[in-house]
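Subject: Structure handover

Hello,

Please find the structure below, with notes on what was found in it. Kindly read the notes alongside the coordinates.

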Amino acid sequence: MTKRLFFRDARLVDPASGLDVKGALLVEHGRIADLGPNLSAPEDAEIVDCRGLVLAPGLVDGRVFTGEPGSEHRETLASASEAAAAGGVTTIVTMPVTDPVIDAPSLVDFLRRRAAATAKVRVAPAAALTKGLAGETMTEIGLLKEAGAVAFTDGDRTVGNARVMRRALAYAATFGALVVGHAEDPDLTDGAAMTEGEFATRLGLPAAPALAEAIIVERDIRLVELTGARYHFGQISTRASLDAIAAAKRRGLPVTCGVSAHHLMLNELDVGPYYPFRKVKPPLRSEDDRAAMVEGVASDVIDVIVSSHEPQGADTKRQPFAAAAFGTVGLETLLPAALALYHEGHAPLAHVLKTLTAAPARIFGLDAGRLAKGAPADLTLIDVDAPFVLDERTLHSRARNTAFDGRKFQGRAKMTFVGGERVF
Amino acid sequence: MDPKATAGLQDDLRLRISPALMTDPTAAPILKANHLLGIEGLSPGEVTALLDLAETYAALNRAPDKKAAVLKGRTLINLFFEASTRTQSSFELAGKRLGADVLNMSVRTSSVTKGETLIDTAATLNAMRPDMLVVRHHDSGAAELLSRKLDCSVVNAGDGAHEHPTQALLDALTIRRRRGGFHNLTVAICGDVLHSRVARSNIRLLSMMGAEVRLVAPRTLLPVDAERFGVGIFTDMREGLKGADIVMMLRLQLERMAGAFVPSTREYFRFYGLDREKLGWAKPAALVMHPGPMNRGVEIASDVADDPDVSLISEQVEMGVAIRMAVLDALARGRA
């Protein structure tokens with residue numbers, strides 16, 4: 001009955017404990033039974049030969065938009081989980097930006113059941129912070145948390161009203177709930193397609209100043225100080241935001257932040273000749289801001305790297321740039337893009353992997369992201385050096401709107417296991 | 001309740017009815033001030049004297065002849081800018097039982113000229129030469145303002161989110177009758193503390209009298225710096241009720257439920273509504289209070305509110321009349 005899996009000849013990398021050794025790992029009952037350098041295979045175990053590749057905790061992607069419920073033509077939980085598994089991601093935190101919006105306990109329950117029935121990877125749903133994402137009244141944070149919501153967020157929308165935000169944060173603090181904020185001043189960025197500056201001016205595109213982000217970052221840091229709420233900036237993209245968060249952390253505030261893989265790799269010039277697949281939210285920034293994101297990951301001010309996976313169809317993306325929808329898919333490029341930081345010498349391998357495993361698991365309160373006895377056997381076998389060129393036709397996601405088509409990468413997932421079951 | 005214990009209590013009360021206290025207008029003054037604007041400013045001695053006097057009126061109110069002549073010939077005006085059936089009728093009854101002429105005035109305010117209107121109203125009332133004015137107003141500080149403009153004694157029957165001193169006094173009287181005093185007593189005040197004058201007056205009074213006071217509410221309904229009152233702050237009701245002798249529930253105003261402060265009534269009841277399970281977190285013999293009117297199924301479950309073994313809600317209403325008689329009596333003495 002109980003299948004035992006034995007991973008031999010692996011380089012075990014566990015960022016949570018600092019472990020980085022050649023050895024083996026044994027899985028029993030879907031959990032890690034043992035691991036270490038001197039482990040020998042039990043007789044009845046199925047052997048997985050790792051051939052010296054890195055065996056790491058399965059990746060946790062803290063920011064994934066799907067189309068279920070409501071836009072299943074773009075992405076379902078099942079198709080998103082295929083993409084996740086192919087990218088070495090074993091847990092996705094889903095954003096509540098769906099139709100209907102995930103703002104009632106019954107909808108959280110629906111998502112969890114639907115995920116259990118159809119998804120290959122674990123799905124940790126985030127619920128809306130305000131009803132209908134309208135930014136006006138808070139949701140039933142207590143009941144939603146009991147139903148299984150791991151965080152509260154209006155996804156890619158900012159709560160523009162500071163009084164609403166203050167009360168939502170105070171209420172969330174009551175339950176120790178995590179609030180995930182999106183920082184773009186809604187009035188300054190209304191109608192904007194990219195970052196204000198010379199390039200946007202040359203292209204003649206509607207643009208918003210990059211400081212629209214730091215304005216909200218600084219506002220929300222003040223509100224965190226007032227209310228004591230746990231706050232995670234889902235993704236930041238500018239140096240000014242980074243500096244503000246670094247200062248908040250030095251003051252001991254319970255603030256964390258993430259960055260998307262594309263904001264680490266691309267800048268505003270990559271918008272190129274009106275390339276709508278690189279229209280993202282927040283928009284691509286200046287080269288200095290991009291470099292700041294890399295520094296932020298290296299210096300630990302940025303806690304996590306996310307895909308900000310946002311599937312769009314031809315109906316929404318094959319449009320003139322200003323009219324096209326925001327977003328890029330990213331589950332399958334998250335790991336390769338993050339590994340670029342390691343290959344380019346910005347951060348050690350374990351540090352890069354921490355931002356994809358232990359750090360998001362800690363922030364979202366998930367039993368995931370570590371190689372330890374008793375931990376769930378969510379594992380990713382990584383060929384850190386394998387070079388490849390991304391071809392959008394090979395993507396597993398139902399949507400193909402990748403910002404990275406034709407991009408050269410080094411390093412990718414070779415196998416993915418969730419609860420001891422191979423999913424890729 | 002043990003019938004013998006009840007009989008003993010009533011004997012005791014009968015002994016404490018002192019005709020001298022009730023009828024002698026030259027009896028020792030109880031309050032230093034001419035007004036009762038809040039608990040703030042009262043001393044523990046004044047509170048104790050008021051509660052003692054109220055005990056005698058509580059006993060009188062249970063007698064067949066409830067009339068006293070302490071306020072004979074005096075005029076009491078009830079001026080209510082906010083509708084309140086129970087407080088207004090309680091003051092009216094208190095005044096009438098003490099022999100005063102009572103006039104009830106309910107005022108609808110024009111929002112534009114509020115401040116001016118209030119002072120104009122004060123001048124008009126003053127010309128009628130009342131001896132006492134009981135006022136309820138939606139603005140904090142309204143009673144204090146009137147007290148400076150009128151020659152008579154002013155009793156604050158609730159001003160904004162500031163104070164409601166007679167409610168706190170009647171709560172204290174109810175507690176003292178059941179528990180004998182306030183020392184070593186833990187009182188958990190639960191619910192909308194932010195907007196509650198009842199909570200503010202009770203915090204002041206119970207802390208002053210030596211009780212341990214705790215506030216239990218979601219953070220959106222807790223005033224900033226509430227801990228500076230010297231009270232314990234809890235957002236988890238289980239923690240907040242642990243070891244509590246008295247659970248004092250506050251009314252959640254309907255307009256607060258629409259999403260600005262709490263997301264829904266069902267969520268509020270789930271986490272902060274007092275039901276049997278939550279009451280079980282308090283001390284085994286814990287008693288339940290509520291200033292009324294109750295929102296059943298929002299801040300309190302009916303089976304708790306209606307259980308005579310734990311609920312003091314009816315007794316609070318009864319003590320309300322007694323305490324208001326004591327307050328009117330005490331203020332009249334200062335004016336004798």
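I start with the second largest cavity, which holds about 40 Å³ of space. A cavity here is a set of points, on a 1 Å grid over the protein atoms alone, where a 1.4 Å probe fits but cannot get out, and lining residues have an atom within 4 Å of a point. Grid points are joined across faces, edges and corners, and a volume is the space filled by probe spheres set on the points. The lining of this second largest cavity consists of His309(A), Val329(A), Gly330(A), Leu331(A), Glu332(A), Thr333(A), Leu395(A), Ser397(A) and Thr402(A). By class, that lining has 3 nonpolar, 5 polar and 1 charged. The classes are nonpolar for Ala, Val, Leu, Ile, Met, Phe, Trp, Tyr, Cys and Pro, charged for Asp, Glu, Lys and Arg, and polar for the others, Gly among them.

Some conventions before going on. This is a predicted model, in which local features need pLDDT of at least 70 and side-chain atom pairs count only at pLDDT 80 or more, while totals for chains, interfaces and linings use all residues. Residues are numbered from 1 along each chain as its sequence is written, chains are lettered from A and ligands numbered from 1 in the order in which they are written, and side-chain values use heavy atoms, with hydrogens and water left out.

Cavities and pocket

In total, the structure holds 3 cavities of 30 Å³ or more. The volume of the largest cavity is about 70 Å³. It is lined by 14 residues, and Arg157(A), Val159(A), Met165(A), Gly181(A) and His182(A) are the closest to its centre. In chain A, β10 (178-181) and α7 (211-227) each supply at least two residues of this lining, and α7(A) gives the largest share, 3 residues. Helices (H or I, at least four residues) and strands (E, at least two) are DSSP runs, numbered from the N terminus. The lining of the largest cavity divides into 6 nonpolar, 4 polar and 4 charged residues.

The largest pocket contains about 620 Å³ of space. A pocket is an open set with protein on both sides within 12 Å along at least five of seven lines. Of the 26 residues lining the largest pocket, Glu82(B), Arg136(B), Arg197(B), Arg251(B) and Gln253(B) lie nearest its centre. At least two lining residues each come from α4 (85-97) and α8 (197-208) of chain B, with the largest share, 3 residues, from α4(B). The lining of the pocket counts 7 nonpolar, 11 polar and 8 charged residues.

Interface of chain B and chain A

Contact (heavy atoms within 4.5 Å) involves 17 residues of chain B and 18 residues of chain A. The two chains bury about 1,500 Å² between them, 56% of it on carbon and sulfur atoms. Buried area is the accessible area (1.4 Å probe) that two parts lose on being put together, summed over both. On the chain B side, Arg219(B), Pro263(B) and Glu267(B) lose the most area to chain A, together 34% of what that side buries.

There are 2 salt bridges between the chains, a salt bridge being a side-chain nitrogen of Lys or Arg within 4 Å of a carboxyl oxygen of Asp or Glu. One salt bridge joins the side chains of Arg266(B) and Glu140(A) (2.6 Å, N to O). The side of chain B that touches chain A has 9 nonpolar, 4 polar and 4 charged residues.

Salt bridges over all chains

The count over all chains is 44 salt bridges. Among them is the one between the side chains of Glu82(A) and Lys120(A) (3.1 Å, N to O). Glu82(A) is in helix α1 (residues 77-86) of chain A and Lys120(A) in the loop between α2 (105-118) and β8 (122-127) of chain A, so this pair ties together parts that are 38 residues apart in sequence.

Backbone

The peptide bond from Lys281(A) to Pro282(A) is cis, with omega near -5°, and Pro282(A) sits in the loop between α9 (261-265) and α10 (287-298) of chain A. In chain B, the bond from Gly292(B) to Pro293(B) is cis, with omega near -10°.

Regards
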